[in-house]
Amino acid sequence: MTRRGAAGAVAALLLVTLLLVQPWSEVPRRLRSVSRFAPRELAVRRLGGSGTAFDRNFFAFLENARRRLPESAEGVAIYGAPQAEPYLYLASYVLAPKPVRLAPASLPPGWIAATYGAGEPPSTHVLRRWDGGSLSAAVP
Amino acid sequence: MSGFLGELLRTGGVAAAAWIAGWAASPAVCPPERAFRFERAAWSWAIGAGMLAAIVPLSFVAGMVPGWVAFGIVAAAGALAARLAPVERVPRAGTAATDAAAADRWLWPLRAAVAAGIVLYALRALTEPMWSNDYVAIWGLKGKTVHAAGGLPRRLFEDPALGFSHPEYPLGLPFLYAGISFLTGRWDDHAMALLFPIFQVATLAALYGWLRRRRVARAPAALAIAILACFEPLYSAYMTGMAEVPLSLGLLLFGAALTDALDGEPGALRRLAAASALITATKNEGLFFAAAGSALALLLGGPRRWKAALSALPTALCVQALHLAWRGRLPLRDFALASFSMARLGEALGAALRLPGPAGWGVLVLIAVLLLLGRPAAEADRMLGLCACGLAAYLTLPAFAVRGPEWLVATALPRTAAGLAPLLAAAIAARYRASPAGSAAVDPADA
């Protein structure tokens, strides 16, 4: 076998290996997921996706908070969520461009508290409440 | 399908407009030769994507809302520049198109493998809205903030609570996301994933075009792009939304332009300058690659080494200077010079060796065998040199990681090293080019 022939055989083996190690088993699931979620609104597609799998209820809470957030809110303080990076990242992304903090000791002026579950922070009054969370503002 | 399909068509329309604008501007960097048509297609996307990103800061500076007017002005400027200062055609010595007919019978299976790689990646990328950690915390967060705020809030760089979003990273990709959203009129992080299969196709076109122009026969060139198209560590669902896929195209264009510049190919210095700007605007290591390319040109280049070396750096430094002017000097968040020690370097290398697993090591061994079976060639050595610089940096950096070498190796090395795949594919395949004096000489125009 010539040097080029040997190289061709090795390259073909590499290509076959790469084809074999493709995550083929995912393909039917992905096709099902696309056909199931494609007609739905964007937030529902994200809700059913990988990025919210760590806590889908939290994403539903964030989306509900975003839709009810007063335009004038200067930032959002999240209470009741675990102090973990995925929660902070997802909250910051969903609520952008509003600044987000996880459970600050006190609510900065102009900010809204979004409470995941029950138990709003003290010295706030509830602005909106829904199944799974609420928005509240500092008592004037 | 109307929800997602409609948005996909809208994003596809913007991408098509960007590609057309890039095509109109591409004569400024690519000669009007048939041999360049694949690379011109790739450059058209790179330039078009650059325009989509550029309209965002330019509009903010001009006090405009980024939109079709700004895009039209930038596209017209690009087309005008191409018309006023096109790259001249240089007559090439005619060579016979004697690709071995026996090898051509493999072309159809190889084309099928390329198509499979593209379709599989498109499916992975478009299954759901972009979701990976770095997309949500860094690239997507900044793009969405810029789009929703209609500006570049200072807090992106100054708020310590946003440290996790890496304020020190370049803004090219966030601006690209924001630019597309300004043109489509909405933020849709699912439809926007379409950009990534487009980057993949552009990378494959650039690789195939460059290899054919460099006298690599059809079958090995097709084999190279088939292998790259199916390289899942780069074209994965996880990587969609992050900077590695766009950077990998930029690095390939940069490496090809560097090699062309050292060989005096027409328009190469312009391509080198443009690619240098693109990679620096995409990731921090873009500046490192621009500097490494410049040093390699001086080290490995011939009579044109100074021209090549000097063309590789200024645009990268300009992009860096613009970032400094806009956001100030920001430290690298994950690294500290004082953390380095030989023990930590050893720890990083040990962690890197444990990373691939049996299947990964099998693939790496096959790649090494392919590299060794090829013949040394100047253009391959330059690409390989650039690739080696990148790999050395990616292996050394964990020794400076504040959260420990093992952490950075595990979280970053697989994806950053995967971004070198197109460059490595070019370096290896170029070692199988037909000998200029041999019977297998091919006419690049016959690609």
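Reply: Domain bounds here come from an automatic or database domain assignment. On that basis chain A splits into domain 1 (1–39) and domain 2 (54–138), with 43 Å between the domain centres, taken over C-alpha atoms. This is a predicted model, so local features need pLDDT of at least 70 and side-chain atom pairs count only at pLDDT 80 or more, while totals for chains, interfaces and linings use all residues. Residues are numbered from 1 along each chain as its sequence is written, and chains are lettered from A and ligands numbered from 1 in the order in which they are written.

Now to chain B, which has 20 helices and zero strands (DSSP runs numbered from the N terminus: helices are H or I, at least four residues; strands are E, at least two). Its C-alpha trace spans about 65 × 55 × 50 Å along the principal axes. Of the 447 residues in chain B, 55% are buried, with 20 or more other C-beta atoms within 10 Å of their own, C-beta atoms being placed from the backbone.

Where chain B meets chain A, 46 residues of chain B and 36 residues of chain A take part; contact means C-beta atoms, placed from the backbone, within 7 Å. On the chain B side, the elements giving two or more residues are H1 (2–25), H5 (107–126), H6 (133–149), H10 (218–229) and H17 (357–373). H6(B) gives the largest share, nine residues.

Note on methods
Buried ≥ 20, exposed ≤ 12 C-beta atoms within 10 Å, placed from the backbone. Contact = placed C-beta atoms within 7 Å.
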